[in-house]
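Please go through the structure below with the backbone and the helix packing in view.

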Amino acid sequence: MATRPAGGILARMMKRKSIAQVQHETESSELKRTLGKWNLLLLGVGCIIGAGIFVRTGSAAALHAGPAVLLSFVVAGIVCAFAGLCYAELSSTLPVSGSAYTYGYTTLGEFVAWIMGALLLLEYGLAASVVAVGWGGYVVSLLADFGLQIPPQFTGPAGYTLMRDGAPVLIDGQTVTTIFNLPAFLICLALAALLVVGVSESAKVNNVIVAVKVSVLVAFIVVGGLIVLARFPELVAKNWTPFIPENQGDGKFGVDGIMRAASIVFFAYIGFEAVSTAGQEAKDPKRDMPFGIIGSLVVCTVIYMLVAAIMTLLVPYNQLNVPDPVAVVVDNFGPTWSWLAKIIKVGAIVGLTSVVLVLMYGQTRIFYTMARDGLLPRVFATVHPKFKTPYINTLLVGLITAVAAGFFDINVLGDMTSVGTLAAFAIVCLSVIYLRRAAPDLPRGFSVPFYPVLPVLGILSCGYLITTVPWPVLKFFLWYMAGGVVLYFAYGIRNSNLQRGVGQDGGPDMGEFVAPVGEQP
């Protein structure tokens, strides 16, 4: 009979799952193993390529870094590499659904796992909303090319003045105040419905989308590069001088601006983390997940740099503070390339669709795993009898992301996403250090090189980038986390399967029979 564990509140908060328990939960999962290494690679590429290029690069350049946004990508990429290598080690050691949440549960304890779950809601849910807003901007731009107009009041967040090319949009001499972002709202609901149908169907759609998106970006790079080099080489001196604009204080330009922009574009690299949420649906997790994580990171970093260079060369950086900066750039290709501009906009729309899809997928699997652990209501783990997907929590995630995308500003959503992502990544790096010390002989399909230097650098660099985010965002983040702590003590610790001595399937907790990580039986 299950009983509550003895010991004080601190001992309960630090209670951990054992390796054997995690492996048992993996084997008993109802989710189908349908994803191979190339599916996982494309899953990561589908998430990484999109948000950073198509959405937030423009505002990062216009408001903070100027042409030196390229250096911001370098900084973000290096920080991302530290975290990515740690994710690769953990995913090859603990190949389970839930990603960083489960890693924290197995290494640092239940309270840290709960905190990680709260952070991942920012990292996935709000990130999906950010990208959905960008998706809406490209749809509006493409429809305008064909003479179709969505009422401008329904193309932005509530209570904001509609801007274009750095100036307010005027209709009949009056500025436009937006009410609701209808396109962004609708795409979230549509993709939630697709995810309910099933992950294998979603993965097939994603593979096609990624192929289209990468082809379009290659065309953008090649044509944009030819225009600059062959027709307008003077743009290099015009738009890249100075390459690092003079520091204006408060994170605007200079070295401080480069670092602030790095925190903005960083969230676009979370695609490799989405790969690790698919642990229970990967065919061979120990082999395939490190391949998907590291491979997608390498491929996408190269593409990021090239696209950002073309953008800031063709258009003055101060005109890029829009949800659809690539659309602004391709419109400057000239009338000869108007046909290509339309194709690239279509590709951007298709690409952002895949990003929202992957982010929402990751969020639903986090909720699924937390519900199976008893930290969230069991309804979040209810699996559809036909589609074998967690359909109730998928529909809820779709509604949450749709409302956020419909009513809130993209820069506020993006900053919140960055803070949550950086904090989560720092905890993952810490988990690697703990697991190496607690269980040094545990089989690992992949090990972080230069240990412990790289995990420590990951923690420090993530912490530094968090400090570059504006204080109002950090204050909201602290209140959000305080609310999460209250919810843990009000619900999570009282209903946790681990605390009650039962497993995810309602049977005995395997942790009762196997020593925790790093301890002898």
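Asp250 is exposed in this predicted model, and its relative accessible area is 73%. The cut-off for that class is over 50%, so a value of 73% puts Asp250 among the exposed residues. Asp250 belongs to the loop between helix 9 and helix 10. Its backbone has a positive phi of about 60°, although Asp250 is not a glycine.

Lys388 is another residue other than glycine with a positive phi, in this case near 60°. The loop that holds Lys388 runs between helix 14 and helix 15, the latter covering residues 391-407. Is Lys388 buried, exposed or partly exposed? With a relative accessible area of 35%, Lys388 is partly exposed.

A cis peptide bond links Thr241 to Pro242, with omega at about -5°. Where else is a peptide bond cis, with omega near 0°? The bond from Tyr451 to Pro452 is cis, with omega near 0°. Pro452 is located in the loop that connects helix 16 (410-438) and helix 17 (453-467).

The next step is helix packing. Two packed helices are described by the angle between their axes and by the distance between the axes. For helix 4 (residues 69-93) and helix 10, the angle is about 60° and the axes are 8 Å apart. Helix 4 and helix 10 are therefore oblique to each other, and their crossing is right-handed. On the side of helix 4, the contact is made by Leu71, Ser72, Phe73, Val75 and Ala76; helix 10 contributes Ile258, Met259, Ala261, Ala262 and Val265. By residue class, this contact of helix 4 with helix 10 has 9 nonpolar residues, 1 polar and no charged.

Helix 6 (residues 110-145) and helix 14 (residues 338-372) form another pair, with axes that come within 8 Å and cross at roughly 160°. Why are helix 6 and helix 14 described as roughly antiparallel? Angles over 145 degrees count as roughly antiparallel, and the crossing is at roughly 160°; helix 6 and helix 14 are therefore roughly antiparallel to each other. The crossing of helix 6 and helix 14 is left-handed. The residues in the contact of helix 6 with helix 14 comprise 23 nonpolar, 7 polar and 4 charged.

Ala190 gives an example of a spatial relation across the sequence. Ala190 and Leu357 are separated by 167 residues in sequence, while their C-alpha atoms are 9.7 Å apart in space. Ala190 is part of helix 7 (residues 182-197). Its relative accessibility is 44%, and Ala190 therefore counts as partly exposed.

Totals for the chain complete the picture. The secondary structure consists of 19 helices and 4 strands. Among contacts in the chain with a separation of 6 or more, 82% are between residues 24 or more positions apart. The chain has 521 residues, of which 60% count as buried.

Key: Residues numbered from 1 in each chain as written. Predicted model: local features only at pLDDT ≥ 70, side-chain atom pairs only at ≥ 80, totals over all residues. Heavy atoms only, no water. Axes fitted to C-alpha atoms, helices over the stretch in contact; angles between N-to-C directions. Helix = DSSP H or I, 4+ residues; strand = E, 2+ residues; numbered from the N terminus. Parallel < 35°, antiparallel > 145°, perpendicular 65-115°, else oblique. Left-handed = near helix turned anticlockwise from the far one by under 90°. Nonpolar A, V, L, I, M, F, W, Y, C, P; charged D, E, K, R; others polar. Buried < 20%, exposed > 50% of the residue type's maximum accessible area, 1.4 Å probe, protein only. Contact = heavy atoms within 4.5 Å.
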